[in-house]
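Reader: I am new to reading protein models, and I would like to understand the terms as we go along. Could you take me through this one slowly, setting each value against its cut-off?

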Amino acid sequence: MVNPEEESPLLPVAGDAADAKRSQMEEEEPLKVPATPAVEPLPPPPRACGWTAEGLPCPHFSAIGEPVPRRQWNSSILACVGRNDEFCSSDLEVCLLGSLAPCMLYGSNVERLGSGPGAFANHCLPYAGLYLLGNSLFGWNCMAPWFSYPSRTAIRRKFNLEGSCEALVRSCGCCCKGLLEDDEHREQCETACDFATHFFCHPCSLCQEARELRRRLPHPGFSTRSVLIMVPPAEQTMGRGVHSILFIGGSLHSCFLLFLQLNWCYVS
């Protein structure tokens, strides 16, 4: 006899009932979201320790994060004739230009800094005008330093050189050491010292900057690329002499044969 429950299509199948029960239990249970691990915040970047030539903060740090100490100038501000090394002739030229034609020395310094084409004329001519104006009105060069002192600041920032305030604190141990720990305050003090150096020791400061630049940067007008020179081969004089001897020998032989023919015709 057939079971009526198996023949009725309206009754749920046992497997379907189990699936429906499982889905109902899943809906009743809250969805468990896996806990995300806490992300540690990144450490703050190291504080800038210097400035670029464009006036932007420049971090002077080593590969392991330690600050790079300031570099020393290659020569002191009172070393008028320079040092006894391979640049001694250039130092003498710098001394003469700084004493007789400071406008040309200042233009050359700005040109070596890489300020673009026409930098020499754009800085040399205004400096010369201020130089003549200051000497004619006040009797000394008191106006050109106001125009030229930013070049010293740019050199100091470009090569991470020690400024006058830092040198004074390092040598004397003044009480203002805490003030120089802040980068912004230190840069303001160093800029003021750059102006004071140009105003009171103008020829010496120009010469010191020129000696520093000539030891660190080549002149932009000098090309450092290697030039390939093609040398033509030397003339082969021996080969030409051999050909000349053979040509003369052949000519004599032809003349001798012609002489014999003429002599034979004459005899016959």
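Reader: What makes Glu-212 a buried residue?

Author: Please keep in mind that this is a predicted model. The relative accessible area of Glu-212 is 0%, and a residue counts as buried when that area is under 20%, so Glu-212 is called buried. Glu-212 is located in helix α9, and, leaving out residues up to four places away in sequence, Glu-212 touches Gln-72, Trp-73, Asn-74, Ser-75, Ile-155 and Leu-161.

Reader: How many helices and strands does the protein chain have?

Author: There are 10 helices and zero strands in the protein chain, and the pattern read along the sequence is α-α-α-α-α-α-α-α-α-α. Of its 268 residues, 26% count as buried. Among contacts with a separation of 6 or more, 65% are between residues 24 or more positions apart.

Reader: Which residues make up the largest nonpolar core?

Author: The largest nonpolar core has 12 residues in all, namely Val-94, Cys-103, Leu-105, Tyr-106, Val-110, Ala-119, Cys-124, Tyr-127, Ala-144, Leu-206, Cys-207 and Ala-210. Two or more residues of this core come from each of α4 (102-112), α5 (119-138) and α9 (202-216), and α4 gives the most, with four residues. A second, separate core has seven residues, including Trp-73, Leu-113, Ala-154 and Leu-161.

Reader: What makes Cys-124 buried, and where does it lie?

Author: Cys-124 lies in helix α5. Its relative accessible area is 8%, and buried requires a value under 20%, so the word applies to Cys-124. If residues up to four places away in sequence are not counted, Cys-124 touches Cys-103, Met-104 and Gly-107. From Cys-124 to Leu-105 there are 19 residues in sequence and 8.3 Å in space, C-alpha to C-alpha.

Reader: How many disulfides does a search of the whole structure find?

Author: The search finds zero disulfides. A disulfide is a covalent bond between the sulfur atoms of two cysteines. For Cys-201, the nearest cysteine sulfur is that of Cys-204, at 5.9 Å, whereas a disulfide needs the two sulfur atoms to be within 2.5 Å, so Cys-201 is in no disulfide.

Reader: What makes Cys-201 and Cys-204 partly exposed?

Author: Partly exposed covers what lies between buried, under 20%, and exposed, over 50%. The relative accessible area of Cys-201 is 33% and that of Cys-204 is 22%, so both residues are called partly exposed.

Reader: What is the value of phi at Asn-160, and is this residue buried or exposed?

Author: Phi of Asn-160 is near 55°, a positive value in a residue other than glycine. Most residues other than glycine have a negative phi. Asn-160 is found in the loop between α6 and α7; with a relative accessible area of 4% against a cut-off of under 20%, Asn-160 is therefore buried.

Reader: Which residues are closest to the centre of the second largest pocket?

Author: The second largest pocket holds about 230 Å³ of space. It is lined by 15 residues, of which Trp-73, Arg-152, Glu-162, Ala-167 and Gln-208 are the closest to its centre. At least two lining residues come from each of α6 (144-158), α7 (164-172) and α8 (183-200), and α7 gives the most, with three. By class, three of the lining residues are nonpolar, seven are polar and five are charged.

Notes:
Residues are numbered from 1 along each chain as its sequence is written. This is a predicted model: local features need pLDDT of at least 70, side-chain atom pairs count only at pLDDT 80 or more; totals for chains, interfaces and linings use all residues. Side-chain values use heavy atoms; hydrogens and water are left out. On a 1 Å grid over the protein atoms alone, a cavity is a set of points where a 1.4 Å probe fits but cannot get out, and a pocket is an open set with protein on both sides within 12 Å along at least five of seven lines; lining residues have an atom within 4 Å of a point. Grid points are joined across faces, edges and corners, and a volume is the space filled by probe spheres set on the points. Ala, Val, Leu, Ile, Met, Phe, Trp, Tyr, Cys and Pro count as nonpolar, Asp, Glu, Lys and Arg as charged, and the others, Gly among them, as polar. A nonpolar core is a set of buried Ala, Val, Leu, Ile, Met, Phe, Trp, Tyr and Cys residues joined through side-chain atoms within 4.5 Å. Buried means under 20% relative accessible area, exposed over 50%, partly exposed in between (1.4 Å probe, protein chains only). Contact means heavy atoms within 4.5 Å.
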